[in-house]
Amino acid sequence: MSKPLPSASGHFRRSYADEFRLIETRFAKAMTLVFAVFLIGFPFVASPFYVDLATQVFLASIGALALMLLTGIAGQISLGHAGLLAAGAFTAGILYKETAAPFWITIPASAVTGAVLGIVFGLPSLRLRGLYLAVSTLALHFVVVYLGGEYETRRGYSTGILVDPPVVFGFEIYSPRIWYFVLAAAAGIALLVSINLMRSRSGRAWRAIHSNETVAEALGIDMARYKLLAFVISSAMTSVAGALFAYYRGFVSIEAFSLYLTIQYVAMIIIGGMGNLLGALLGAVFVTLFPYLIEGLMSALPGADRLAGSVFAVNYAAFGFVMILFLVFEPQGLVGIWRRVRNYFLLWPFKHKALGGSS
Amino acid sequence: MQFVVNIMVLAAIYALIACGYVLIYRVSRVLNLAHGELMMLGAYLLVATASAFAASPLMAVVFAAVMSLAVGGMVYLFLMRRMTGETVLAAVLTTVALGILIRGLIVLFWSAQQQHPRAMLGWDNPVIVLPGDARISLYSALLIVATVIVYGGLFLFLRFGRWGIRMRAAGQNPLLAAQRGINLHAVFALAWGLSTFTGAIAGMLIALDSGLDSTMTMIGLKAFPAALVGGLDSLVGALIGALIIAGAEVGVIRFIDPLLADVVPFIVLIVMLVIRPWGLFGTREELDRV
């Protein structure tokens, strides 16, 4: 994702400094500002339900960004995402329960756990490709989940581990509004890290590996190193997301980290649009809000009381159906739709962009 | 003795399911992660036909099996056909999404409660005492018989059957096969149909033996390591792999920790992927093709 030139806007990069700017045009600056103001103002006007939804979106987008870096950018298929989230959540939970470790120890600790697990998950990628890699990460997911379940039963927390709200500088993070800002900041940091990774050496190396491994190696890219790096960074981010999830929910149970969660994260990057960070965010929004959307639609239907029992099943089926629709009809995901719409307006009154132009 | 019988029954279950993974992978290089759900759907079809054909239980079983054959073919014709030429990831994820869709629909139609098709058909499940004081239920024994018949039938079909030879040709080189006049779509649809059919037989027999609910998909997923350990494109491999996985699982339950039962197949899978990723009987070059 080299930054597309803001085509047709009359904006040109005239110095090297321009190349490194995150936000290029005055209009983009204004839009970013408006968005930031909206995000800050949101929890003060919206009801607690919507604040909770937004917080869930932030949490999901951290995991989705991490998976996007690994699968969408570096091209390493992973079906072990729930296992990594579980690892982070359990690291935080276990450290808290066993040693009463504070927030600023458990979070880095879960990042370290994630990084180590990333190496474990990533080692097969040095030998395996595509399908076989996906299968090996899937197998590791079951191992991690087993270990978590084993801890729960051995220590007698068979229903789950309770985690108290974290205390930072003597200040307890408890109210939904505070959580909203904490997780918004976390998601923002994750996004910044991802963007900067993408424009640095490692991001370019990952994209080269994704396109063609042989060519990438011939170009002098250290395959083993960058593959493992992708796994380590992605897993560390995912684990931190898992730990934050544990604190936010105040409760860790292995049941929450089923294979279905992995599929949801994979669906985020598919529905959002492969290989694009914006796609990860859009996908996170879509997949997080989707069940509530279905629930809302179903309660609007006549005979809502009779349907109430089957909301869960409808949700499941609809989710599978939407995922299939995107895979078959819109492999570019939401980003693809967004690009088409944007190009339509950018090019208007013309229909086709010039050959050879960038996106 | 009981120990050996347990291994044999579990191996038969895994082998019967694993041949579905192998059939589809061998012919079309797609890993069907919805196999567990398709197999469960077969079992639920039996629940549906059991209430419709209350008079003749055997007809119900036959009808459900034929229906699952059709379902498998339709999955290919309406869904997977569109995924030809897409990346491996896209095809695999489509099957994952299909699995979720099927699971949701099943709960929607039949609720999440446990079903007992055997009681609905009015059959009972006597215990057979084997020499050596080992016990086996009738349907577990039938599972072993079914596995033998299915594998024997598949072997003959792929070796001598007209369509079987076409299937092998399509798996070996789709381009040449197509130029030779083989209808690839028909062959792929047949592979999906057969795979769902064998899966449904496994699902029905398991459901007849011990009831039916959505945990059956886990059995389907655990049979996947069996297919991969043996080699994803080898039927003989699937048999051996099923024996290995079943042996490991039953052994661990007996001697170490029953809680490990759900992970053992995957641990064996990881070990296999590290040592010999293409499986015991698989083709080595397969690995670079994916």
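This is a predicted model: local features need pLDDT of at least 70, side-chain atom pairs count only at pLDDT 80 or more; totals for chains, interfaces and linings use all residues.
**Helix 7 of chain A**

Start by selecting residues 176–198 of chain A, which form helix 7. Its 23 residues should span 33 Å at 1.5 Å a residue, and the end C-alpha atoms lie 32 Å apart, so the two values agree. Now colour the buried residues of helix 7: A:Trp179, A:Tyr180, A:Leu183, A:Ala186, A:Ala187, A:Ala190, A:Ser194, A:Leu197 and A:Met198. An α-helix has 3.6 residues a turn, so residues three or four places apart point the same way. Show what covers these buried residues; among the covering elements of chain A are helix 2 (26–45), helix 3 (48–73), helix 8 (201–211), helix 10 (223–249) and helix 12 (277–300).

Stay on helix 7 of chain A and pick A:Ser194. Is A:Ser194 buried or exposed? A:Ser194 counts as buried because its relative accessible area is 0%, under the 20% cut-off. Beyond its neighbours within four places in sequence, A:Ser194 is in contact with A:Leu65, A:Leu69, A:Met237 and A:Leu277.

Next select A:Ala87, in helix 4 (residues 81–99) of chain A. A:Ala87 is buried, with a relative accessible area of 8%. Leaving out residues up to four places away in sequence, A:Ala87 touches A:Leu117 and A:Val144. Draw a C-alpha to C-alpha distance from A:Ala87 to A:Ser258: the two are 171 residues apart in sequence and 13 Å apart in space.

Move on to A:Ala100, in the loop between helix 4 and helix 5 (103–122) of chain A. Most residues other than glycine have a negative phi. The phi of A:Ala100, however, is positive, near 55 degrees. A:Ala100 is exposed, because its relative accessibility is 55%, and the cut-off is over 50%.

**The nonpolar core**

Select A:Phe257, B:Tyr14 and B:Met80 together. These residues have the most contacts inside the largest nonpolar core, which has 213 residues. Which helix gives the most to this core? Helix 1 (residues 2–28) of chain B does, with 18 residues. Then zoom in on B:Met80 and display B:Val30, B:Val75, B:Ala91, B:Thr94, B:Thr95 and B:Trp192, its contacts once neighbours within four places in sequence are left aside.

Go to B:Arg29, in the loop between helix 1 and helix 2 (35–52) of chain B. B:Arg29 is not a glycine, yet its phi is positive, at about 60 degrees. B:Arg29 is partly exposed, with a relative accessible area of 23%.

**Helix 10 of chain B**

Select B:Met216, in helix 10 (residues 216–230) of chain B. B:Met216 counts as buried, at 3% relative accessibility. Apart from neighbours within four places in sequence, its contacts are B:Met39, B:Met40, B:Ala43, B:Gly203, B:Ile206 and B:Ala207.

**A surface patch on chain B**

End with a surface view of chain B. Colour B:Val236, B:Leu239, B:Ile240, B:Ile244, B:Leu280 and B:Phe281, which make a nonpolar surface patch of about 460 Å². One of these, B:Leu239, is in helix 11 (residues 235–255) of chain B. B:Leu239 is partly exposed, with a relative accessible area of 35%.

Methods:
Residues are numbered from 1 along each chain as its sequence is written. Chains are lettered from A and ligands numbered from 1 in the order in which they are written. Side-chain values use heavy atoms; hydrogens and water are left out. Helices (H or I, at least four residues) and strands (E, at least two) are DSSP runs, numbered from the N terminus. The expected span of a helix is 1.5 Å times one less than its number of residues. Buried means under 20% relative accessible area, exposed over 50%, partly exposed in between (1.4 Å probe, protein chains only). Contact means heavy atoms within 4.5 Å. Patches are made of residues with over 30% relative accessible area and no salt bridge: like charges are joined within 9 Å, nonpolar side chains (Val, Leu, Ile, Met, Phe, Trp, Tyr) within 5 Å. Accessible areas come from the Shrake-Rupley method with a 1.4 Å probe; for residues, only the protein chains shown count as cover. A salt bridge is a side-chain nitrogen of Lys or Arg within 4 Å of a carboxyl oxygen of Asp or Glu. A nonpolar core is a set of buried Ala, Val, Leu, Ile, Met, Phe, Trp, Tyr and Cys residues joined through side-chain atoms within 4.5 Å.
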